[in-house]
Amino acid sequence: QVHLAESGGDSAQAGGSLTLSCATGGLRLNSYAVAWFRQAPGKEREGVAAMYAGAEIPFYADSVKGRFTISREHAQNTIVLQMNDLKPEDSGMYYCAADFWSRVGRDKMLTHAYTHWGQGTRVTVAS
């Protein structure tokens, strides 16, 4: 059974950095696409970063390009989101998602493409 567990959410000042981790279990990452989504209160969940885990090809929302980095830690089967130069608008619940890359296809930044989700971790950025 696929299991995803996020950690690393915290409060930070604008301009600061946070590192989120998504521990994965029950899946072979080489066959999956993985993504980070976030949801602010009253807003829809939006894709932040995604990766075809086997080839480690990353994709980013325009709002985070140059500031966020998605990566894979092979030894721990963990997907990491490094967030630098944080802004207040980066605040929200951050969720890790995964599904077979063949199913995700081009919709890697869209919620409907993913079957498996973690419970989320909260990020709060103060101005």
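Visitor: Which side chains does a polar contact of 2.8 Å join to arginine 38?

Guide: Please keep in mind that this is a predicted model. In it, a polar contact of 2.8 Å joins the side chain of arginine 38 to that of glutamate 46. The side chain of aspartate 90 is also joined to that of arginine 38, again by a polar contact of 2.8 Å.

Visitor: Where does arginine 38 lie, and is it buried or exposed?

Guide: Arginine 38 belongs to strand E4, which covers residues 32-39. Its relative accessible area is 5%, and the cut-off for buried is under 20%, so arginine 38 is buried. Leaving aside residues up to four places away in sequence, arginine 38 touches several others, among them Val48, Phe68 and Tyr94.

Visitor: How should I read a disulfide, and how many does a search of the whole structure find?

Guide: A disulfide is a covalent bond between the sulfur atoms of two cysteines. Here the search finds one. It is formed by cysteine 22 and cysteine 96, whose sulfur atoms are 2.1 Å apart. The pair links distant parts of the chain, with cysteine 22 in strand E3 (residues 18-25) and cysteine 96 in strand E9 (residues 92-100), 74 residues apart. The link is left-handed, with -80 degrees about the S-S bond.

Visitor: Are cysteine 22 and cysteine 96 buried or exposed?

Guide: Cysteine 22 is buried, at a relative accessible area of 0%. Cysteine 96 also counts as buried, at 1% relative accessibility.

Visitor: How is a pair of aromatic rings described, and how many aromatic pairs does the structure hold?

Guide: A pair of aromatic rings is described by the distance of the centres and the angle of the planes. The structure holds five such pairs. In one of them, phenylalanine 37 and tryptophan 117 are 4.9 Å apart centre to centre, with 55 degrees between the planes, and the pair is tilted. This pair links distant parts of the chain: phenylalanine 37 is in strand E4 and tryptophan 117 in strand E10 (residues 116-117), 80 residues apart. Phenylalanine 37 counts as buried at 0% relative accessibility, whereas tryptophan 117, at 24%, counts as partly exposed.

Visitor: Which cluster do ring pairs form with Phe37?

Guide: Ring pairs link Phe37 with Tyr114 and Trp117 into a cluster.

Visitor: Which residue lies over the face of tyrosine 95?

Guide: Arginine 45 lies there, at 3.7 Å from the ring centre. Likewise, lysine 108 lies over the face of phenylalanine 59, at 4.2 Å from the ring centre.

Conventions
Residues numbered from 1 in each chain as written. Predicted model: local features only at pLDDT ≥ 70, side-chain atom pairs only at ≥ 80, totals over all residues. Heavy atoms only, no water. Helix = DSSP H or I, 4+ residues; strand = E, 2+ residues; numbered from the N terminus. Buried < 20%, exposed > 50% of the residue type's maximum accessible area, 1.4 Å probe, protein only. Polar contact = N/O pair within 3.5 Å; in protein donor to acceptor, adjacent residues only side chain to side chain. Contact = heavy atoms within 4.5 Å. Disulfide = S-S within 2.5 Å. Phe/Tyr/Trp six-rings, centres within 6.5 Å; stacked < 30°, edge-to-face > 60°. Lys NZ or Arg CZ within 6 Å of the ring centre and 35° of its normal.
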